[in-house]
Amino acid sequence: MRVTPSRRQDRPTVKKEQKLKIGILGAGSIGATLTRRLSTAGHQVKVANSRGPETIPADLLASGARAVHASEVAADVDVLIVSVPLNRVPDLKPLLADLPDDAVIIDTSNYYPMRDDQIKALDDGQPESLWVAEQYGRPVVKAWNAITSPSFDTKDSTPGTPGRIAIPVAADSDTDRALGMALVEETGFDAVDAGTLADSWRQQPGAPGYCTDLTRDELLAALAKAKAARSPQRRDLAMTVIAELTTDPLGDLGEDFLVRVNRLIYN
């Protein structure tokens, strides 16, 4: 199967006057960077974790974000970004009770069986974000899943910068996908239209475009050459290699270790 560009790859934008109310559930590495970047961009951001607002680091709130309880994060928002391990997703539906009907959910999760336990539907090939959407009972946008947290934290750049890293965005709604792409651009990366959720396996762990720090053109080529049957095997191989190398107390893994391993194994 080959990805064929069915939509323009124009850079979407969030208009300067269009400031959104954004909830972020999860304050780990990706959630923390999202909180800082999107609040710095002027959006009204509130962030929550499972342990309570008093545990949210103060530096995440320096640009105006608010720490709230998890039970409050979905109320009265335009966008809810969920950045938690995939094995926690089935327990989150009660937190979405107050989410407005027209709000957009963005999913950043990835399936790692050694962490998340075996999920038969995913082992049988269901795209991860379609499974997530089923758990929530609502459609989702898949974004920010295909970049390592160190790269996301340190490799943002302005539009037009040579070598700017790209991030794929998938969704079944063109409007929701465009919104996700616009927010990706605001966090400092080129956004690539990766099509519908049925094709979002192309940006899952083990695929050539997953956490390999590619430019827009490189990422489009990587999405096109992905092979669904190979990705789970390569994902597990990469995790075995990473686990073995990181246990060596004398090992000097160097900069961008994860990206280098992924490029070697996933391509």
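The legends below describe close-up views of a predicted model.

**View 1. The open sheet of eight strands.** The strand order in this sheet is β3-β2-β1-β4-β5-β6-β7-β8, and the pairing is mixed. At the edges are β3 (66-67) and β8, each of which pairs on one side only. Strands of a sheet pair through backbone hydrogen bonds, either parallel or antiparallel.

**View 2. Strand β1 between its partners β2 and β4.** In the order of the sheet, β1 stands between β2 and β4. Strand β1 (residues 21-25) runs parallel to strand β2 (residues 44-48), and five bridges join the two. Within this pairing, G23 is opposite K46 of β2. With β4, strand β1 also pairs in the parallel sense, here over four bridges. L25 faces V82 of β4 across this pairing.

**View 3. Strand β4, covered on both faces.** Strand β4 comprises residues 79-82; V79 and I81 lie on one side, L80 and V82 on the other, and all of them are buried. The pairing of β4 with strand β5 (residues 104-107) is parallel and has four bridges. I105 in β5 is the bridge partner of L80.

**View 4. The largest nonpolar core.** This core has 34 residues, and L80 and Y136 are those with the most contacts inside it. Two or more residues each come from β4, α4 (128-136), β7 (166-171) and α7. Helix α4 provides the largest share, four residues.

View 5. Helix α4 lies across β4, β5 and β6 (141-142), and the helix runs at about 135° to β5. Leaving aside residues up to four places away in sequence, Y136 touches V82, V89, L92, K93, L96 and I105.

View 6. A pair of aromatic rings is described by the distance of the centres and the angle of the planes. The charged end of R37 sits over the ring of F152, at 5.4 Å from the ring centre.

**View 7. The aromatic pair Y210 and Y266.** Y210 and Y266 form a tilted pair, with 6.2 Å from centre to centre and 50° between the planes. Y210 is in the loop between β8 and α7 (216-225) and Y266 is in helix α9 (residues 257-266), so the pair ties together parts that are 56 residues apart in sequence. Y210 has a relative accessible area of 5% and is therefore buried. Y266 also counts as buried, because its relative accessibility is 1%. The cut-off behind both assignments is a relative accessible area under 20%.

How values were computed: Residues are numbered from 1 along each chain as its sequence is written. This is a predicted model: local features need pLDDT of at least 70, side-chain atom pairs count only at pLDDT 80 or more; totals for chains, interfaces and linings use all residues. Side-chain values use heavy atoms; hydrogens and water are left out. Rings of Phe, Tyr and Trp (its six-membered ring) pair if their centres lie within 6.5 Å; planes under 30 degrees apart count as stacked, over 60 as edge-to-face and the rest as tilted. Buried means under 20% relative accessible area, exposed over 50%, partly exposed in between (1.4 Å probe, protein chains only). A charge sits over a ring if NZ of Lys or CZ of Arg is within 6 Å of the ring centre and within 35 degrees of the ring normal. Two strands pair if DSSP finds at least two bridges between them. A nonpolar core is a set of buried Ala, Val, Leu, Ile, Met, Phe, Trp, Tyr and Cys residues joined through side-chain atoms within 4.5 Å. Contact means heavy atoms within 4.5 Å. Axes are lines fitted to C-alpha atoms, for helices over the stretch in contact, and angles run from 0 to 180 degrees between N-to-C directions.
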